[in-house]
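I am keeping notes on a few positions and helix contacts that I looked up. The entries follow the order in which I checked them.

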Amino acid sequence: MTMTLTNTGLIDLSDTTVREANATLQAATEGAFTLANPGGKHALACGLQHPVSVTIKGHTGYYAGGMNKLAEITIEGNAGTGLAENIMSGVVRVTGDASQSAGATGHGGLVVIEGNASARCGISMKGVDIVVGGNVGHMSAFMAQAGNLVVLGDAGPDLGDSIYEAQIFVRGSVDRLGTDCIEKEMRPEHIALVAQLMDRAGLYADPAEFRRYGSARQLYHFKIDNAGAY
Amino acid sequence: MTDQSNPPGGTPRTTPVKSATFDDYTLSEIRRAAATGIYDIRGGGAKRPLPHLDDLLFLGASMSRYPLEGYREKCETEVVIGARHAAKPIVLKTPITIAGMSFGSLSAQAKEALGRGANAAGTSTTTGDGGMTPEEREHSNKLVYQLLPSRYGMNPDDLRKADAIEVVVGQGAKPGGGGMLLGQKINERVAAMRTLPQGIDQRSACRHPDWTGPDDLEIKIAELREITGWQVPIYIKVGASRPYYDVALAVKAGADAVVLDGMQGGTAATQNVFIEHVGIPTLAAIRPAVQALKDLGMHRTVQLIVSGGIRNGADVAKALALGADAVSIGTAALVALGDNDPKWEDDYRAMGTTAGAYDDWHEGNDPAGITTQNPALASRLDPVAAGRRLANYLGVMTLELQTIARACGKSHVLNLEPEDLVALTVESAAMAGVPLAGTSWIPGQS
């Protein structure tokens, strides 16, 4: 049986190690925490497994919020590579920009990037919902298996390359679609889905302005005549 | 017998000569490729003749060395893996572990049997691409959880259940390659574990999605340690290609142990051209890897686990003598379970192959019930009996290892050393860095 550990407090990373901070956050089963002076440190607030609230006051390094379960994490700044990688549930929010591979392989939950996301946003995503207020870089949603990537801005080259069953919604331009990724009809249920995801993310635009992209499913079985596509 | 090339009274004829370059296999492969338009995909490791541990011999004790009494004097086999950073390193009763093989590529019965056999021998098993099943966790006392590029089934709960974590950078059968599991083996359960539609050909990426290079990997490993509280060892697995540099970089990235897989190491499925033409043999990989550890002052601190074509206690002893801390077996373990058993010869013949040559593991029709997701075929494998066979086999290998170690005067198998070895060929002498038998010549060194 898990003991309920409640805490509300300030963890100052200028005089606390990442290990000590993470151990505190991972042990807490409820409560609200603030991490001050993150200084771009890596692996902050990763592996959380209870519905705690964490606010990080500044920029984070790699893998902030990695493998998150249930926790709500807000980074008031920019995030490095692998933000919320393999997230299972909960919410990880960045008020600034995120580096490459944000939300990589995420199985569930919500990742919100209020600014821009770099390359490979949502790579191999497996059920996570990702909402990006700005633009996403090249190869975003590469081999994306499930979940939704909503981009209020523009998408870089090779969007959705080798995508499986994930859905991509882009409001702005798409530089170039990746292999086996095609534009699909934006039906009313998709408009409703985008509206609902933006509402959860706290980011707003006209959902009717989005275009939908997904798999053509032409590469699901290997055929020699498709060799040129690889 | 009449010489048919020179009939009596006729003009002498030249005996027909088949090309060594265009031999029967090559011709058949050209015809097959032309007919089907697809490269040959198969399971297993390199089948071509390669310089191997068989090319080495132990010298044994004599006037200048003192042997230990067989069956009476102790020869320890316990090995500890992962004490560099982990609070709970893995303690193995025998330095022979079971390599990573996934549920999906293997049946649930096969995974259970591997766990049972490994438990009885006091060693570890390893998950594969596709995640950890509750059954394999239940049946494996020491379970290594692989973190692969695909991250199929990866989750923090299973990560915390693992006794060690293995970051897979590559494997010997296909260094630089990803994976492929054909749709025939993607049944409902496998599909759900991998979050993919049932029945499609499943590709596994060749690079990790959230790190690039050893500097990133160092940070990734730190994250894994943070999530698991710095409790369990973290291995890095590499396919043998540039072992000196790869091992050095793995140490730099913070590995507790390095798994080095030679080109004889098997895979569930990849292109034959990849298996046979990329990577280097296990024999050639060990000494450079050990040298990297020694140059960094990390030999025996970061453990080296060698795999790829390990078949018997002599192979284990030679790998240890060259500086490895443990070995890992995959193909040999499957054979112990019942893979390629002649008792299924009729089934093999029906598929156009024969016992001992069957390697279409990706097609899911394994008559032995091991590399399949077909319930009827899988039910042919009794996991209890198969686990017993594996335990027996691991026990025999360990006894063989001890036999050789005692003959060399070693009270612990890790005391075996290169000075106990000689080579039968110039090539193996150069690769292993030991003298050609009967000489003091080590090619390239003396």
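**Entry 1: B:Met263**

I started at B:Met263, which sits in the loop between strand S12 (257-261) and strand S13 (267-271) of chain B. Helices (H or I, at least four residues) and strands (E, at least two) are DSSP runs, numbered from the N terminus. This is a predicted model, in which local features need pLDDT of at least 70 and side-chain atom pairs count only at pLDDT 80 or more, while totals for chains, interfaces and linings use all residues. Residues are numbered from 1 along each chain as its sequence is written, chains are lettered from A and ligands numbered from 1 in the order in which they are written, and side-chain values use heavy atoms, with hydrogens and water left out.

Is B:Met263 buried or exposed? I found B:Met263 buried, with a relative accessible area of 3%; buried means under 20% relative accessible area, exposed over 50%, and partly exposed in between (1.4 Å probe, protein chains only). I then listed contacts, meaning heavy atoms within 4.5 Å. Leaving aside neighbours within four places in sequence, B:Met263 is in contact with residues including B:Gly45, B:Ala46, B:Leu50, B:Gly172, B:Ala173 and B:Ile275. B:Ala173 is 90 residues from B:Met263 in sequence, and their C-alpha atoms are 4.9 Å apart.

**Entry 2: B:Leu424**

Next I looked up B:Leu424, in the loop between strand S16 (421-423) and helix H15 (426-432) of chain B. B:Leu424 counts as partly exposed, at 48% relative accessibility. Not counting residues up to four places away in sequence, B:Leu424 touches B:Asp54, B:Asp55, B:Leu57 and B:Leu436. I also took the C-alpha separation of B:Leu424 and B:Asp256: it is 34 Å, for 168 residues along the chain.

**Entry 3: A:Met198**

In chain A I checked A:Met198, which lies in helix H2 (residues 188-201). A:Met198 is buried, with a relative accessible area of 1%. Its contacts, leaving aside neighbours within four places in sequence, are A:Val150, A:Leu152, A:Leu203, A:Tyr204, A:Ala205, A:Pro207 and A:Phe210. A:Phe142, 56 residues from A:Met198 in sequence, is 22 Å from it, C-alpha to C-alpha.

**Entry 4: helix H2 of chain B**

I moved to helix H2 (residues 108-121) of chain B, which has 14 residues. From first C-alpha to last, H2(B) reaches 20 Å, close to the 20 Å expected at 1.5 Å a residue; the expected span is 1.5 Å times one less than the number of residues. Among the buried residues of H2(B) are B:Lys111, B:Glu112, B:Leu114 and B:Gly117. I noted that the buried residues pack against strands S5 (96-98) and S6 (125-126) and helices H3 (134-139), H11 (331-337) and H14 (383-407) of chain B. Just after H2(B), B:Gly122 takes a positive phi of about 75°.

Two packed helices are described by the angle between their axes and the distance between the axes. H2(B) and H14(B) pack at an angle of about 40°, with their axes 7 Å apart. Axes are lines fitted to C-alpha atoms, for helices over the stretch in contact, and angles run from 0 to 180 degrees between N-to-C directions. That makes H2(B) oblique to H14(B); angles under 35 degrees count as roughly parallel, over 145 as roughly antiparallel, 65 to 115 as roughly perpendicular and the rest as oblique.

**Entry 5: H7 and H9 of chain B**

The contact includes B:Tyr244 and B:Val247 of H7(B), and B:Pro288 and B:Leu293 of H9(B).

Most residues other than glycine have a negative phi, and most peptide bonds are trans. I logged B:Tyr71, which is not a glycine but has a positive phi of about 70°. B:Tyr71 is in the loop between strand S2 (56-58) and strand S3 (79-81) of chain B, and is exposed, with a relative accessible area of 82%. I also logged B:Thr195, not a glycine either, with a positive phi of about 55°. B:Thr195 is in the loop between helix H5 (188-194) and strand S10 (202-204) of chain B, and counts as partly exposed at 24% relative accessibility.
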